[in-house]
Amino acid sequence: MQTTVINIKSMTCMGCVKSVKNVLERIPGVSNADVSLENAQATIQHDDAITGSDQLKQAIQDAGFEAV
Ligand code: 9UX
């Protein structure tokens, strides 16, 4: 298990936060995702052997947000 923190631009409301959280938690290998609007970042617990940080980033981009 590994913790990855990804900075996310362009989340403007709690709805955005929820969407990002849902997207992340549906990914295989992700056990928990905490998304903070204030900090503009996601803290994700995941199994690196199943889903790595690049894939997490990609999923955030695909959902329409900017992962940096
Ligand atoms: Mo609310 Mo966030 O419509 O895009 S979900 S601003």
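Q: How many bridges pair E1 and E3, and in which sense?
A: E1 and E3 pair over six bridges in the antiparallel sense. Two strands count as paired if DSSP finds at least two bridges between them. Strands (E, at least two residues) and helices (H or I, at least four) are DSSP runs, numbered from the N terminus.

Q: Which residue stands opposite Thr4?
A: Thr4 stands opposite Ile44 in E3.

Q: What kind of model is this, and how are residues numbered?
A: The model is predicted: local features need pLDDT of at least 70, side-chain atom pairs count only at pLDDT 80 or more, and totals for chains, interfaces and linings use all residues. Residues are numbered from 1 along each chain as its sequence is written, and side-chain values use heavy atoms, with hydrogens and water left out.

Q: In what order do the strands lie in the sheet?
A: The order is E2-E3-E1-E4, in an open sheet of four strands with antiparallel pairing. E2 and strand E4 (66-67) stand at the edges with a single partner strand each, so one side of each has no neighbour in the sheet.

Q: What packs on the sheet?
A: H1 packs on the sheet and touches E1, E2 and E3, its direction making about 165° with that of E2. H2 also packs on the sheet, touching E1, E2, E3 and E4, and its direction makes about 30° with that of E1. Axes are lines fitted to C-alpha atoms, for helices over the stretch in contact, and angles run from 0 to 180 degrees between N-to-C directions.

Q: Back to E3: which residues are on its covered face?
A: Ala42, Ile44 and His46 form the covered face of E3, while Gln41, Thr43 and Gln45 form the uncovered one.

Q: And which residues of the largest nonpolar core touch the most other members?
A: Ile8, Met11, Leu24 and Ile44 do, out of 18 residues in that core. H1 supplies the largest share, four residues. Such a core is a set of buried (under 20% relative accessible area, 1.4 Å probe, protein chains only) Ala, Val, Leu, Ile, Met, Phe, Trp, Tyr and Cys residues joined through side-chain atoms within 4.5 Å.

Q: What is Leu24 in contact with?
A: Apart from neighbours within four places in sequence, Leu24 is in contact (heavy atoms within 4.5 Å) with Val30, Ala33, Val35, Ala42, Ile44, Leu56 and Ile60.

Q: Changing topic, which residues surround the ligand?
A: Thr12, Cys13, Gly15 and Cys16 surround the ligand, each with a heavy atom within 4 Å of it.

How values were computed. Buried means under 20% relative accessible area, exposed over 50%, partly exposed in between (1.4 Å probe, protein chains only).
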